[in-house]
Amino acid sequence: MWSADSTARSFARPADAGAPVATRQQPSRRSVAARILFRVAVRPLFRFGKPEGGTLSALRFVTDRATGSARRIPHRTWTTTLNGVPSTWVQAHEAADVTTVLHLHGGGFMTGSPRSHTALAARMSVACNARVCLPDYRLSPEHPHPAGADDTLAAYRGLLAAGIDPAQLVVSGDSAGGHLAACLINDLLHQRLPLPAAVVLLSPVIDPTATRATERDLRRRDPVLAVPFWLPAIRAHFRAASPRDERVTPIDGVDRRWPPTLVQVGTRECLLDDARAFDAALKQAGVPSELQVWPGQVHVFQTLAGLVPEAAVAIDEIGRFLRRTRAAA
């Protein structure tokens with residue numbers, strides 16, 4: 001039976017706090033260059049911005065067009081509606097369609113779309129030998145919580161209604177999408193719906209108060225996430241929702257029924273402690289969980305595949321994790 005301990009040994013050595021790390025111990029020159037570029041040119045743009053009005057419109061425009069290296073991966077896309085939720089499908093030419101990955105895009109609950117995550121989806125399609133579904137869930141502040149969570153659950157129900165086998169279904173999400181993915185699993189447990197075979201979380205948002213993120217950012221500035229900009233966005237999304245709600249604080253809903261889970265995070269991001277806390281909660285509940293802490297990497301560095309070598313390796317690790325999970329099942 002696959003266990004978290006057995007997979008941890010496939011990594012080079014423990015990182016701080018005992019977390020497993022990728023084989024490469026020193027970040028590549030390209031990842032260092034990318035980190036410096038983010039710190040110098042990206043974070044300052046949002047430090048004094050407001051997640052509304054012109055700043056938000058410009059951010060959405062740029063994010064949706066940052067499709068990265070999708071064109072380097074031959075793929076096809078098509079659109080459907082899943083239980084009322086517009087969704088884009090991405091499938092690499094070399095990938096089969098036996099497995100389906102429901103990926104929930106990040107963007108701080110206020111930006112991002114299937115278009116912004118086409119490149120990541122195409123690479124995940126290759127690594128996982130699967131087709132990837134990107135729901136176009138509603139964004140804040142126009143549609144605050146629980147609109148995004150409701151859309152996510154509706155899309156999952158749509159996949160089940162379309163005949164998708166849960167044993168061949170994977171739920172993944174990055175950043176805010178990681179939060180939605182975790183909340184989705186809690187929703188499925190409460191509603192007694194079939195669970196996916198596995199869960200993949202990339203730099204997930206876990207703490208809605210952003211307490212851990214703020215504390216870490218004060219100690220060591222995140223090159224990408226500008227917490228002074230991000231905090232108002234979090235407040236605008238959750239508004240008066242109670243932090244005791246498992247759809248707001250998904251770590252409170254973790255129990256032994258959770259599917260096997262992979263969490264990837266970089267050491268240079270403010271959400272590092274969120275990822276560690278969530279992995280610890282899963283392990284304490286007896287869930288097979290693997291935490292990969294990638295040295296020197298920034299928030300959702302997987303989107304830099306094609307530019308940063310660690311990003312491509314991390315995406316390949318997702319495929320290997322799913323193969324291990326299938327073998328255990």
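Mentor: Start with a term: a salt bridge is a side-chain nitrogen of Lys or Arg within 4 Å of a carboxyl oxygen of Asp or Glu. E317 and R320 form one, with 3.2 Å from N to O.

Trainee: What kind of model is this?

Mentor: This is a predicted model, in which local features need pLDDT of at least 70 and side-chain atom pairs count only at pLDDT 80 or more, while totals for chains, interfaces and linings use all residues. Residues are numbered from 1 along each chain as its sequence is written, and side-chain values use heavy atoms, with hydrogens and water left out.

Trainee: Where do E317 and R320 lie?

Mentor: Both are in helix α10 (residues 309–328), three residues apart, which is about one turn of the helix. Helices (H or I, at least four residues) and strands (E, at least two) are DSSP runs, numbered from the N terminus.

Trainee: E317, buried or exposed?

Mentor: E317 counts as buried, at 13% relative accessibility. R320 counts as partly exposed, at 33%. The cut-offs are under 20% relative accessible area for buried, over 50% for exposed, and partly exposed in between (1.4 Å probe, protein chains only).

Trainee: What else is buried in α10?

Mentor: Several residues, including A311, A314, I315, I318, F321 and L322. R323 is also in α10, but R323 counts as partly exposed at 44% relative accessibility. The C-alpha atoms of R323 and C128 are separated by 8.2 Å, although these residues are 195 apart along the chain.

Trainee: How many residues has α10, and how far does it reach?

Mentor: α10 has 20 residues and reaches 29 Å from its first C-alpha to its last, close to the 28 Å expected at 1.5 Å a residue. The expected span is 1.5 Å times one less than the number of residues.

Trainee: Back to salt bridges. How many are there in the whole structure?

Mentor: A search finds 12. One of them joins R247 and D150, with the closest N and O atoms 3.0 Å apart. That pair links distant parts of the chain, 97 residues apart: R247 is in the loop between α8 (227–238) and β7 (261–266), and D150 is in helix α5 (residues 147–161). R247 is buried, with a relative accessible area of 17%, whereas D150 counts as partly exposed at 33%.

Trainee: Which residues are linked in a network of salt bridges?

Mentor: R216, R219, D273 and R276. Within that group, the side chains of D273 and R276 meet at 3.5 Å, N to O. These two are three residues apart in helix α9 (residues 272–284), so they are separated by about one helical turn. D273 is buried at 19% relative accessibility, and R276 is buried at 15%.

Trainee: New topic: the strands. Why is β4 described as largely enclosed?

Mentor: Strand β4 (residues 130–135) is largely enclosed by the rest of the structure because six of its six residues are buried. A130, V132 and L134 are on one side, R131, C133 and P135 on the other. In a regular strand the side chains alternate between the two faces of the sheet.

Trainee: Which strands are joined to β4?

Mentor: Strand β2 (residues 85–92) and β4 run antiparallel and are joined by four bridges; W89 has C133 as its bridge partner in β4. Strand β3 (residues 99–104) and β4 run parallel, also with four bridges, and T99 stands opposite A130. Two strands pair if DSSP finds at least two bridges between them.

Trainee: What do β3 and β4 make with helix α4?

Mentor: β3, α4 (residues 118–128) and β4 make a right-handed β-α-β unit. Right-handed means that, with the strands pointing away from the viewer, the path from the first strand over the helix to the second runs clockwise.

Trainee: What else pairs with β3?

Mentor: Strand β5 (residues 169–174) does, in the parallel sense over five bridges. H103 has S172 as its bridge partner there. Both faces of β3 are covered: T99, V101 and H103 are buried on one side, T100, L102 and L104 on the other.

Trainee: And how many helices and strands does the protein chain have?

Mentor: It comes to 10 helices and eight strands. Buried residues make up 59% of the 329 residues.

Trainee: What share of the contacts comes from residues 24 or more positions apart?

Mentor: They account for 78% of the contacts with a separation of 6 or more; contact means heavy atoms within 4.5 Å.
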